[in-house]
Structure formats: C-alpha cells, structure tokens
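Subject: Structure handover

Hello,

Here is the structure we discussed, with the sequence alongside. My notes on it follow below.

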Amino acid sequence: MTAVTAARAASSSARMRPGSGSAAPASGRWAWLRERGMGASVLVAAISGGFGVLLVAVTGLIGAWLMADPFLSGGETIVIVVAILSVLLVAVAMYVAAIVTANTFATIVAGRTRQIALMRLIGASARSQRSRIARQGLVVGAIGAVLGLVGGTAGALGLQQIAARAWGLDVDYNVVQPVLLAPAFVVALTTWIAAWSGSRRVLEVTPLAALAGSAPRTAEEAAGRTRRRVAAVSLFGVGAVLLALGILAGFTTPLGVVVAFFGGLASFTGLSLGAALVMPPLLRLTGRLFGRSASARLAAENALRYPERSSRMAIGVVMGVTLVTMFAVASESVKGVMAASGGGEVSGEMARLLDTFSAVMMALVGVSAVIAAVGLVNLLTIGVVQRTRELGLLRALGLTGRQIRSMVLFEAAHITITSVVFGLLLGIAYGWAAAQSLLGSVRVPPLWLAPTFVLPGIPWLTVAGIVVATAVLTIVAAVVPTRLATRVSPVEALAE
C-alpha cells in the first residue's frame, strides 16, 4: 500500500471515528461545516454580530433620546459618555467572540492532529494546512455575520417599537443605517483572525504525529512555552500600568476611561494568554470542594493534567462573568455618585433614566455572557468527543456509566465555579476602574458636582443572579457531553 493510499484510508477512518471530532462522515467541499464545533462557532459569530448591530442601533437611539429630553438639556457630556460606551462595548463584544472562536479552533485543531500529520506525510505543508483552517474560519465568520446582521437589525426595529410604547422613548431616529454593516464586517474579520490564531498548533505538527493519537498538551508541555509566558506577563504588566494611568487621568477628564479601557484589554489579554498558568492553581483549590470520590479525583486530575484544555473552557466563562459584573458595578457606582450629588438620594426622574439605561445596556452586555456560555458548552462537548478512547479505558477498568457522568459533571462544575469566583473579583476591580476613570471629573446632576473619588458599588442582587445562572450553566453544559461520554461501549472506544 502506498503512502498516499494509507493516508487516505487513515484519514477516512479518522473522520468516521466517534472520537475524531467529526459529527458525520466528511464528503464534499463543505462537509467540514458538519464537524462538531463548527455549528457552535457560527452561532458565536451570529450572536456577536447581532450584539454589535443591536448595540450600535440602541445606543444611537438612546443618544437621540438624551438629546431630546428636556431634563437633560445642556448635558451634552452624558451624550458623549453614551457614545464612548457604545464604541467600547462593541469592541468588548468582538473581543469576547474572538477569544471564544480562537479557543474553539485551537481545540478542533488538537483533535485533527493525526489527520493534519497524514496530510503532511503525503506532501502538504504546515502553512497550507493552517491557511485552509483560516479560510474555514472566514466562511464561518461570514455566515454568522450575515445571520447576525439580519437578526440584529430586526431586533433593533422591534426594540424601538417596544421602547416607544412601554417606556415612552419616542424620538425621530432611523435605526437602519449603513453603519450597521460595520459590526458584521468586523465579526467576519475577527473570526478569520481568530481561526488563524487558534490554528497556530498546526505549525508544530510533524508527519510522525500520524503514528500517535490526538491529545492536548500536558502540563509539562504547556509550561515549557516560554515565549507565550513572557508575552502574557508583559501584556498584563502593561495593562496594569495603563489602568492606573486611566484612573489618574479620570480626575481631570472623562477620556481617562479610554486609557483604562486599553489597560483592561491588555491586562485581560495577558490573563488569557497565561490562563494555563493562572487557572490550574485555582482549579486545584476548587477541586478540594468535591470530596475524594473516584469521579471527583479524576475530574480534578484531568483539569490539571491538560491545563490548556481546561483553561480554554474556563477563560470564556471568566470573560462573561467579568463583563457582566464590571458593568453592574460601574452602574451601581454611578447611582452612588448621583445619590451623593443629590444629597443622599437620586431624584425620581433621574432614577427612571438610570434604571431604563441600565436595563437596556445590561440586557446587551448579557449577550456576551451568552457567547461565553456557548463557548463552554461547545468546548466541553468537543473535549469529551476527543477523549472517547480515554473514557472507554476508564469503563474497561471498572468505572460505571454513572461514575463517568459524574466525572464530566464535576469537570464542568470545577471550571464554572472557579471561573465565576475569579470573574467576580476581576469584574469588581474593572468596574470600579471604569467608573473612576469615567466619572472622576464629570459634573453630575442635580447639583452638578464632580465626585473626584468614586466609591465602588456592588449590586448584590446581580451577583446572586450570576451565581444562579452559573449553576444552571453547569448543568446545561454537562448534558450533551455526559450523554456522549456514556454512549460508546468500552470495546468500540478501545478499538479506536
């Protein structure tokens, strides 16, 4: 048998195996879209595209309403603040989607290692394989961007009607504008870049890997990536400095929030790059909460043995929780500033304004948490599919189907609990930094005083809601993986 024939046969076998990451046998030019993980990637792109379209449309509508409101006549600063928040939140949405997409493609590539190695064996270059995956990311992003544009525009039109009837926000503003195309274009572009970034492991795959199975990096291999660690520490350090500068600038101008935004972006990017170093110690602490049963110990060891896999799952949830908490803390801090300026309480009209604005923006910000949740479910499912042989071996060694299901559930619980606690702490810090850098010099109605120092406000009801939502997410995220984990018999899994 020639090398080409062997490669084709093995590649076909890899596509048919339950642990290869494919949902169906691949045939045809677009068959890769049926591969497990691609559908969820399209969903992430669609949600983020729709998020961007809605955010641009809704903040434009709110800006028009603020300008027309007689209570706020002469308060152009608030309109500028809304415009700044719109730009920053669109950027954050694209950032969350890009991180989730990059992690998804990185996990998919880890499952394709043997197939990529077989292509290398018959003469394909690593760069051509990486370019092919990047093109797949562009297609995924384009499909999601179109769906998001249509859905987001329809949602914005519907929200405008609801706002006019329910809240009295009836202003002459045309929601459908050419600017709505910008988020869709950015989504397609960032998905393409994210797929390229997530596929960097292709460059490390050698033809010899065709003789071995697909597996993520171990803790020792992940810790050995010196350049990534240096980049992570450097970015975090630069971000921390920019955050401090933004807070200091906020005492003289509201544009300090722009500096703080880039500081937060850089510092969180550093945390994302260094997640394989940051998350395992936190996961180890969480693992002690689940006792010493076989399922609990195996779940804890899996999280620590392959830190990149568990960190990819965790960092998306951390982002979602951080974002929601950050905005909630910033909003609560604004209410505190308003109350201080009003002599201890917020006026009825201003309270209505703040509550309406906060409700709309929190609903939009919550979409980023949904993006992160989709990423967790997707990565957990792909991870279980790629571990069919490992799970089959555990079944052969005597673990029951119930114990396997418990192990997968414990893994999801480890990740979500650790992520929510870490995200809450980060969200409180970032939320206070945002409020301080934005409002430290702004004259606030009704007395139009500048607060100088903004006390952080913690919305405990929102925090409780995040904890409950996380518990629900853990259960939902584990449903499909636990079914997949026990579907294949030990004999079939070990024959893989």
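The second largest pocket has a lining of 30 residues, and those nearest its centre are Asn103, Ser197, Arg200, Arg228 and Leu273. Please bear in mind that this is a predicted model. Six helices are named here because each gives two or more residues to that lining under the helix assignment used: H3 (76–111), H6 (181–198), H8 (226–249), H9 (256–273), H10 (275–287) and H12 (307–341). H3 gives the most, with 6 residues. By type, the lining of the second largest pocket divides into 13 nonpolar, 8 polar and 9 charged residues. The space in this pocket is about 740 Å³.

Apart from neighbours within four places in sequence, Ala184 is in contact with Ala145 and Leu149. Ala184 and Ala46 are 138 residues apart in sequence, while their C-alpha atoms are 8.8 Å apart in space.

H8: this helix has 24 residues, which at 1.5 Å a residue should span 34 Å. The C-alpha atoms at its ends are 35 Å apart, so the two values agree. Which residues of H8 are buried? They are Ala232, Gly239, Leu243, Gly246 and Ile247. The buried residues of H8 pack against H9 and against helix H15 (401–439).

Regards

Definitions and conventions. Residues numbered from 1 in each chain as written. Predicted model: local features only at pLDDT ≥ 70, side-chain atom pairs only at ≥ 80, totals over all residues. Heavy atoms only, no water. 1 Å grid on protein atoms, 1.4 Å probe; cavity = no way out; pocket = protein on both sides within 12 Å on 5 of 7 lines; lining within 4 Å. Points joined across faces, edges and corners; volume = space filled by probe spheres on them. Helix = DSSP H or I, 4+ residues; strand = E, 2+ residues; numbered from the N terminus. Nonpolar A, V, L, I, M, F, W, Y, C, P; charged D, E, K, R; others polar. Contact = heavy atoms within 4.5 Å. Expected span 1.5 Å × (residues − 1). Buried < 20%, exposed > 50% of the residue type's maximum accessible area, 1.4 Å probe, protein only.
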